[in-house]
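User: I am new to reading structures like this one. Could you take me through it feature by feature, with the general idea before each case?

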Amino acid sequence: MAPIHKNPIQHLIHPNHSLTLFDSNTKYVCDGCKILGIGKRYNCSECDFDLHEYCGTCPMNLSSFLHPFHSLKLVTRMPHGNRQLDRVCNICCDSIEGLFYRCELCEFDVHPLCTQLPQTLRHVLHQVHPLRLLSSSESKTCVICKEACNASSWRYRCALCEFDIHMECMLIQCEKEKTWLGISKYVPPSTFPRTQYFAGHAYEIPYSNHNHNDMPHPHPHCPVQSDHGRTRRRIGKIIIFILVKAITTALILGM
């Protein structure tokens, strides 16, 4: 790994040694939030300890549009043997295993990485209005994969046009086609291969019930049961990281 010339940091969950920012095009598991990562990370070479860039510098208290009612506090999960119950992220529905933000009053929990998802985005399939990341009480259909955006699940949405896209389906590349007038427009992809690639690394999008010929059988990361008894779609921890990186990179590049 190549060190990046930034000042080393100290972190509350690794107090004995400082952490240096390194860049390497390899996978790792963040020792803070326990979510996979690729590329840059804060590292203690002496202990083989890694943190996502954001997990290394995220604030102890956070105000977020994801939970505008109260400030969120950075906390750490107890070891498995000391836990009284499991926790899942209210945004991506995947399990919480390490560092996370919490509102104790509302029992709202969220991965640090999930707080980095932008509130608004534009998409080539709906260029007339921005899409907002929100949780809806309505069950709608994702315009990309044609599967349900279940009630209470978070998605990118234009409420005015009732246009919904799963968070993970924002990673799917749409196709261009020409109308009978010769005008180019974007359309959802005609095929949905399970395997996608980011920075040369393969990952899988959790489709489930497509009727396309090349679709896989139901993926184990699709529905999970929420703590309120509703079935919601879990997107998978590698996709959380890739989603945040891909979207924020696109925003920086003005894509």
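Analyst: Let us begin with burial: a residue is buried under 20% relative accessible area, exposed over 50%, and partly exposed in between (1.4 Å probe, protein chains only). This is a predicted model, in which local features need pLDDT of at least 70 and side-chain atom pairs count only at pLDDT 80 or more, while totals for chains, interfaces and linings use all residues. Residues are numbered from 1 along each chain as its sequence is written, and side-chain values use heavy atoms, with hydrogens and water left out.

User: Are E138 and R157 buried, partly exposed or exposed?

Analyst: E138 counts as partly exposed because its relative accessibility is 34%, whereas R157, at 6%, counts as buried.

User: How many salt bridges are there, and which residue pairs with E138?

Analyst: Side chains of opposite charge can pair when their charged atoms come close. A salt bridge here is a side-chain nitrogen of Lys or Arg within 4 Å of a carboxyl oxygen of Asp or Glu, and a search of the whole structure finds seven. E138 pairs with R157, at 3.5 Å from N to O. R157 also meets D164 in a salt bridge, at 2.6 Å from N to O, and both R157 and D164 are buried. Through shared partners, salt bridges join E138, K140, R155, R157, E162 and D164 into one network.

User: Which residue forms a salt bridge with D109, and is D109 buried or exposed?

Analyst: D109 forms a salt bridge with R102, with the closest N and O atoms 2.6 Å apart, and D109 and R102 are both buried.
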